[in-house]
Amino acid sequence: MSGSFVSPGMRAKVRGLAEPVGRLFVRLGLSPNAITVIGFGIAVVAAVVAGLQAWLPAGLLIIFGGVFDMFDGMVARATNTTSKAGAFMDSTFDRWGEGVVYIGLTAGCLFAGYDLGAILSAAAMSMAFMVSYTRARAESLGFAPGSGMAAVGLAPREVRLVILTIGVCLAGVNIGILGFTLGLITVLAAITTVQRVVVTLKQAAQQQG
């Protein structure tokens, strides 16, 4: 059904590996919302660094921020403080941070005279947001209940994050690599969007039955 590179089993394994760090944050007294805001701050710093064309540090910050983002939900569950407000904060700041990073990449490409890269960065951001929007809209209407839609499609956020990190880290070697990875993200995110639309329409048809 999903066609995703990231299986539910793999997600569970990653969460299991990250649990000790999550427990450390609990002992430090960090709230889930504080972790969410810190993660957004990391994304802002990554965007600034990318705009300065310090590609390797930018790539490392991007992957660090993406990994750090796992812990807000983990801490909320560990401390029994899950809430709709927290979920809203998490999703909102995730999208905001992702957008800020792409703006930084666009600026970095423009300053480097790589106009195609700037265009591809804008395209990748647009398609990445469509992946998130189709999930949010489908789940808000009762399709793929829980987080079922997260596993649908070739390139959920985790996959895009890894591809983007590789491209940014290698941009200093050849900026065309960044352009290639941005183009790949655009294509894979577009396919993922279509996959999620198809799954949602199939569920709608089954409900109408």
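**Helices and a cavity in a predicted model**

The protein chain of this predicted model has 8 helices and 0 strands.

Student: What pattern does the protein chain follow, read along the sequence?
Tutor: The model holds 8 helices and 0 strands. Read along the sequence, the pattern is α-α-α-α-α-α-α-α.

Student: Is α2 roughly parallel or roughly antiparallel to α4?
Tutor: α2 and helix α4 (residues 71–78) pack with their axes 8 Å apart. Their angle is about 175°. Angles over 145 degrees count as roughly antiparallel. That makes α2, relative to α4, roughly antiparallel.

Student: Which residues of α4 make the contact with α2?
Tutor: From α2 come Pro32, Ile35 and Thr36. By class, the contact has 5 nonpolar, 1 polar and 1 charged residues. The α4 side is made by Phe71, Asp72, Val75 and Ala76.

Student: How much space lies in the largest cavity?
Tutor: The count comes to 1 cavity of 30 Å³ or more. Its lining has 21 residues. The space in this cavity is about 280 Å³.

Student: Which helices each supply at least two residues of the lining of the largest cavity?
Tutor: The lining divides into 11 nonpolar, 5 polar and 5 charged residues. Ala43, Gly97, Glu98, Val101 and Arg157 lie nearest the cavity's centre. The helices asked for are α2 (32–51), α3 (55–68), α5 (84–111) and α7 (157–170).

Student: What percentage of the residues of the protein chain count as buried?
Tutor: Buried means under 20% relative accessible area. The chain has 209 residues. Of these, the buried share is 44%.

Terms used: Residues are numbered from 1 along each chain as its sequence is written. This is a predicted model: local features need pLDDT of at least 70, side-chain atom pairs count only at pLDDT 80 or more; totals for chains, interfaces and linings use all residues. Side-chain values use heavy atoms; hydrogens and water are left out. On a 1 Å grid over the protein atoms alone, a cavity is a set of points where a 1.4 Å probe fits but cannot get out, and a pocket is an open set with protein on both sides within 12 Å along at least five of seven lines; lining residues have an atom within 4 Å of a point. Grid points are joined across faces, edges and corners, and a volume is the space filled by probe spheres set on the points. Helices (H or I, at least four residues) and strands (E, at least two) are DSSP runs, numbered from the N terminus. Ala, Val, Leu, Ile, Met, Phe, Trp, Tyr, Cys and Pro count as nonpolar, Asp, Glu, Lys and Arg as charged, and the others, Gly among them, as polar. Axes are lines fitted to C-alpha atoms, for helices over the stretch in contact, and angles run from 0 to 180 degrees between N-to-C directions. Angles under 35 degrees count as roughly parallel, over 145 as roughly antiparallel, 65 to 115 as roughly perpendicular and the rest as oblique. Contact means heavy atoms within 4.5 Å. Buried means under 20% relative accessible area, exposed over 50%, partly exposed in between (1.4 Å probe, protein chains only).
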